[in-house]
Amino acid sequence: MTRETFVIVGAGLTGGSAVVCLREEGFGGDLVLIGAESEVPYERPPLSKEYLRGEATFEDALVRPAQFYSDNGIETRLGIRATKVDLEGRAVELEDGNRVPYDKVLIATGGRNRRPPIAGLDLEGVYDLRTVIDADRIRSQVVPGRKVVIAGMGFIGSEVAASLRTLGMEVSVVARSRLPLDRVLGERIARVMESIHREQGVEMVFEDAVESFEGSGRVERVRTRSGRVIACDFVVVALGIEPNTEVAASSAILVENGIVVDEYCRTSVEGVYAAGDVANHYHPVFDRRIRAEHWRHAIDHGQAAARNMLGNQKPYDEVYWFWSDQYNYNLQYAGFATDWDELIVRGSLEQRKFIAFYLKGGRILATVGMNRGKDVHQSMGLIKAGITVDVARLRDEAIQVRDLASG
Amino acid sequence: MGNVVTIGQASDLGEGEMKQVVVAGTKVALANVAGRFYAFGDTCTHLGCSLSEGDLEETTVTCPCHGSRFDVTSGQVLRGPAKKPEPSYRVEVRDGSLWVEV
């Protein structure tokens, strides 16, 4: 029997989880991990929080210590970009012209920050945040009392605003949305987030956008579409990510808002898998394709891909879950809801201690909790089961969330 | 040999419940799993949340803040983001009283 070679393209959390899982599941063939970044796989959540604030080291964020890869016969090719998956030649092409042959390949190339065409985007002092290098760059600029403008108020924008404010910086936010995170959380919960940031002294400019970053050589001010001018020492652009699908371009691999895969992480081409931020995957619980960009999903999806590469036919049907720490508030979200007809709150929005249920036709699609993580955790089973629950019971604190499924 | 101290009545903690007790300055989580008692470090090794405020399912505790999972019988990490195990403490029931060795 010839030795099989599995190649993992992308050494982020998904790729890292996949190689760890492959070895743990007993894969004895050759394993090559290719990554554009120079670091071994690491977790990104600390980059906008503990690491950015200097409370945690980079080593704390590593999926496994660097030694793990050599100890486990995993060949790492780091600091080099894969340019193409050559389907006919069954090899991954690298930017230096080298080719890495594969029997099976997993595309876990993740995403990159959106950089819309804004004048002055290339000025010194205009940063964004995706990698540890980005985080270090921002960290080096943090001085209490200095002023930062953050473009975008999604999760990264919100967390960076909270972290930099906590470090004593003056923080202004410019965002197109009406409220922080309103697209994901809806207006009622987004208002809670707004009140928190306002209370913490963040200046927020909503329903506006950056027209230009201005300054001589280095950014000195931000001009918005509505004509507002905000002086600043530096800027963080946090306008979301787009999937890195280039390795699949001009091939038979179907790409549509990411690389399209089924619930087994299989692309449209035999032997080629995709997982993590880059994968637009069919999710059986929500019965649609979703491209998710969460820490837990990156791990679980990477593992699911690894197991399916090994021939275990197990669909990926994990309920999405993520957290966002901002100031002393721990926000957690489970499930997936893009529209809902009812939002039921248990607890108190005013006291910022609640779990809210997003319902469609009575079915719980998602939950969000603030400082009530235990309840969010218990709700995941309800979401997965797709059950409908009586509204009065949802509000009834006497019933444990887990027990809502029965009765 | 650590300090062996009593931390109250076994009957005060129902099945499937957890609580925090402070023993000689150490925050200890106490769990009742189907009538058996386990004690382990209450402060999550990830970012310090109180594990006894988390969710207990059989012998697994899930951190209320970031979802790390630990085995309450051993303190071992079952799932991240935590990477370091919790200390595990010996618990005994004597005449209905709980004793823990820290």
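**Ground rules**

I number residues from 1 along each chain as its sequence is written, and letter chains from A and number ligands from 1 in the order in which they are written. As the model is predicted, local features need pLDDT of at least 70, side-chain atom pairs count only at pLDDT 80 or more, and totals for chains, interfaces and linings use all residues; side-chain values use heavy atoms, with hydrogens and water left out.

**Entry 1: chain A overall**

I started with the secondary structure and found nine helices and 26 strands in chain A. Helices (H or I, at least four residues) and strands (E, at least two) are DSSP runs, numbered from the N terminus. Next I checked the radius of gyration, taken over C-alpha atoms, against the globule rule, 2.2 Å times the number of residues to the power 0.38. Chain A comes out at 22 Å, close to the 22 Å that the rule gives for 407 residues, so it is as compact as a globular protein of that length. I also noted that its C-alpha trace spans about 65 × 65 × 35 Å along the principal axes.

**Entry 2: inside and outside**

How much of chain A is buried? I get 57% of the 407 residues, where buried means under 20% relative accessible area, exposed over 50%, and partly exposed in between (1.4 Å probe, protein chains only).

Among the contacts in chain A with a separation of 6 or more, 60% come from residues 24 or more positions apart.

**Entry 3: aromatic rings**

A ring pair is described by the distance of the centres and the angle of the planes. I counted rings of Phe, Tyr and Trp (its six-membered ring) as paired if their centres lie within 6.5 Å; planes under 30 degrees apart are stacked, over 60 edge-to-face and the rest tilted. That gives 14 aromatic pairs over all chains.

I picked Tyr42(A) and Phe58(A), an edge-to-face pair with 5.0 Å centre to centre and 70 degrees between the planes. Both residues lie in the loop between strand S2 (30–35) and helix H2 (67–71) of chain A, so the pair ties together parts that are 16 residues apart in sequence. Tyr42(A) and Phe58(A) are both buried.

Then I took Trp295(A) and Trp323(A): the centres are 5.3 Å apart and the planes at 65 degrees, so this pair is edge-to-face. It links distant parts of the chain, with Trp295(A) in helix H7 (residues 295–309) and Trp323(A) in strand S22 (residues 321–326), 28 residues apart. Trp295(A) is buried at 9% relative accessibility, and Trp323(A) is buried at 9%.

I also found one aromatic cluster made of Phe155(A), Phe322(A), Tyr333(A), Trp340(A) and Tyr358(A).

Most residues other than glycine have a negative phi, and most peptide bonds are trans. Leu181(A) has a positive phi of about 60 degrees; I found this residue in the loop between strand S11 (170–174) and helix H5 (182–185). Is Leu181(A) buried or exposed? Leu181(A) is buried, with a relative accessible area of 5%.

Asp287(A) has a positive phi of about 50 degrees and sits in the loop between strand S20 (279–283) and strand S21 (288–290). Asp287(A) is exposed, at 55%.

How values were computed. Contact = heavy atoms within 4.5 Å.
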